[in-house]
Amino acid sequence: MTNTAWADTARRLVHTAALCLGLASTAQAAGWQSAGIVNGARNQHTATELPDGHVLVTGGFDGTAAIATTGILDPVTGNWSDGPNLPGGNRMGHTATPLRNGQVLIAGGSNGTSALATALLFDAQTGQFTTTGNLPTWRSQHTATLLQDGRVFVMGGDQNGGAVSYAEIYNPATRTWTQNAATLSGGRRNHTATLLPDGRVLVAGGENATGALDSMYIWNPANGQWTAGPALPGGPRWQHTATLLPNGNVLFAGGRGAGGTYKPLADVYNTNTGTWAASIAHAPRARHAATLLPDGRVLITGGDDAAGFVAASEVYTPASGFAAYPALIWPRRQHTAVLLHTGTVLAVGGTGPAGVMPWAETTHPATFTQRPTATLPENRARHAATLMPSGNVLVAGGTTASTGTASALRYRPESASASSTWLGTAPMSQVRNFGHTQTLLPDGRVLTAGGWGPGVALNTAEIYDEATDAWTGAPPMQRARFGHTATLLPGGSVLVAGGSSSTPLPMAYAETYDNASHQWQATGSMSTPRSGHTATVLPDGRLMVTGGTDSNGTTPQASVEFYTPATRQWTPGPAMDTPRSGHKAIALLDGRVLVLHGDLSSAQIYDPAANAWSGAALPQAPRSAYTATLLPDGRVFVAGGYVLVGGNPVNSTRTELYDPVRNTWEDGQSLDAACSSHTATLLATGRVLVAGCGASLFDDPVQPGRAPAITGASPATLAAGDTLTLSGLRLTGDSEGSGGGTSQSASHAPMVSVQHADGGPALWLTAQESSATGFTSRAIAAGTPLRPGLYRVTLYVNGLPSNSLLLNGPPSAVGAPNAPTDVTATPGNAQVTVRWQAPVGGTPPASYTVTAQPGGASCTVQHPATTCTVTGLTNGVTYTFTVTANNTGGSASAPPTGGVAPAPGPVVDPGGAQAIPTLSEWGVLLLAALMLLAGLRARRFVVV
């Protein structure tokens, strides 16, 4: 073993021992991580989160001149790409404001020689800039504030060395500018402008030709008038930040005073009383950034002080003041620090000791935190849990007090009108100890199939309907099984694959359940038996199956295969780097699939675009029987599990979060109770319900009353071409999200994502219009690959996620075909050729699958072929054959044929040339005798 391997093993052993003894750390301090390089060094630029989650960086100063380039960050992949150049040339010291219609307004700035009056609009849907009306007054280093009515208020700035006193307003509806009639006595630049809770704008500090300013004014959009406020305490302040706090107060931090001295005190203005609170000491700095976090704290980053560039960061908490936060990787000033919808803060560019920089870095200040919820009536393990359209969670089966159960429960999350609770629920028809599956059907009911009952594998299936709180029987599966997978396919049917029989040996047999016909249909078998494997739907609609134990039931395998629903064919895929069973596979937001080993000792990521695997970082502590849940922000939450100590399992309280963009792991808060073989379900509220050893909720903390709330949506079923309308409260947030200096971008325009409940890439909907109580999207583009099942619709604003409404995906666009007819089977040597007639009427099939019983051997051909030969059969064994017609809408099977036994030697092929019959040895002797006798008789009649 190498020194590195020994060190890794030793680390794991020490950590495992500490975990078991309760000594392991339960949380790590959040820190900064590199986020790549934007295309070109820059400061005095802007960074703005777009409606599709990308980040647009525009213009700036590269140390020599203003620039026109733009960069776009995909936060899901972490990749930067070039955006279109700014029309009209170079620009720095401008503003970028997201509008309520999904566009971004770029206003003013300087080309390095002269201030600009031009303005641009960027449309994320087209990826292009267009020009819009010019500002009446050219300016740079100004502020731009998105008002509550959707207009943009631009104030102050620099006009070729002079400070601007005029304010101007942009109306997106008319794409025109108007100058505010009332002006301030004297212009200002390097000031702040803060949107107050009542819609007014607080403008404070700054400087002009007369020096630094201590004055403060409030502008009222209702009448366009200015009102003087109390002067800033401690004298003038400029190059500072001003951030609206959730309680309505405004935090003024940093900056410089008279004579250029750095301000060592922060001040809080009470907007309700119009007075100043006591000043608070903090690290002096200027030209820094201030970012309001979802939990109500303010993150202060970078800047410069009397000693030079600053890397130190600090966090302000209204109740306790300032505290240290991990320092930036690179000291920087005049950078941007924008809060993303994920709760992550992205810092870009700025100037450091080596000059203007292109580097970006991120941090996620919140700790994924546990909170109590309704008490689970009784602990259970190895059960199944399913989120239903109501937002409730169905928990069924498993073991309670080491005894299998048929009981079921429903968890109802808390709401504005009721607290969370567990609801009594009708039990299943039979005990399912473990290894059963629950699948949400397109109609909102839940299909439960198979599992291990008292001493036997089950083939039974039943369906739960929450509307009636009742279970109804479904036709039994064609094979009894447990440890199988059950996956809702894009066509709306459920594919059940593999699992173990009562033997208990794994099987390769697969079958589908069609909800419309209420039938199980044979489909092509996998290439190898599997149990304890995974099945994951890829973005292109294929199903990826990985690993599992092989035919002997004990040996894990590394093989991978894909199932294509339209053809019902299995094809091989690239193998994993190590055999796995009992592992987890999570569909990530970027379309890749994360596979975690059954004991968390290894990890890999599959990329469908490259059809290849790559390594992934390892968790800090191996354990088995854990849960892995994809969070809306793209991270994966891993909770609980057990470790072996002296050969005995010891449950763990540990939780960790994996960031696929950074390929890093971070500790989360520990479970209250050590647990394994539990469930973790992402709720419509955005929280994760962990149920088994008690129940608890996990989420990033958000200050109560701040998050947006969706109360209604239309239509209830999503389809391409639809326009989605949402109603609710606080849909445009309570602040500008990122507060601070002139380079900060207003970010209280809402963003809406649509994501399938099974995970995978999110669809972002651009706004057509939005307000505090409503959101109307642009039409969902034609060809958008929506599939049946539940979708989560979530609105984000100020980095705060709303509750998620659960909407239905579209029903299958293609109807299921009719069944084939006139099926015949002709035996051959270890094979049978099956022929049929194509279905009459209905939707044409895409393919046909012929399945033999017993054994499940199969073959598949594409329509319009009507013959297929099943090979690999055993001579002398009698088989029946089922022909199934398939397309993306479903499948239909003809009745099985009568029994046919393959045999060696040629046989008559009724559809082609006639084969010569074969004779036994006795038959050959008899034929020879007859031929001899016939010859003797013929000689009697020969004429000589």
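**View 1. Cys-868 and its disulfide partner.** At 6% relative accessibility, Cys-868 counts as buried (buried means under 20% relative accessible area, exposed over 50%, partly exposed in between, with a 1.4 Å probe and protein chains only). Cys-868 forms a disulfide with Cys-859, and their sulfur atoms are 2.0 Å apart (a disulfide is a pair of cysteine sulfur atoms within 2.5 Å). Cys-859 is buried too, at 10%. This is a predicted model: local features need pLDDT of at least 70, side-chain atom pairs count only at pLDDT 80 or more, and totals for chains, interfaces and linings use all residues. Residues are numbered from 1 along each chain as its sequence is written, and side-chain values use heavy atoms, leaving out hydrogens and water.

**View 2. The Cys-675 to Cys-693 disulfide.** The S to S distance here is 2.2 Å. The torsion about the S-S bond is about 85°, so this disulfide is right-handed. Cys-675 is buried at 3%, whereas Cys-693 is partly exposed at 28%. The count comes to two disulfides, in the pattern 1-2, 3-4, with bonded cysteines counted along the chain.

**View 3. The largest nonpolar core.** This core has 26 residues (a nonpolar core is a set of buried Ala, Val, Leu, Ile, Met, Phe, Trp, Tyr and Cys residues joined through side-chain atoms within 4.5 Å). Among those with the most contacts inside it are Val-393, Tyr-411 and Trp-471.

**View 4. Around Val-393.** Leaving aside neighbours within four places in sequence, Val-393 is in contact with residues including Leu-387, Tyr-411, Leu-683 and Leu-689 (contact means heavy atoms within 4.5 Å).
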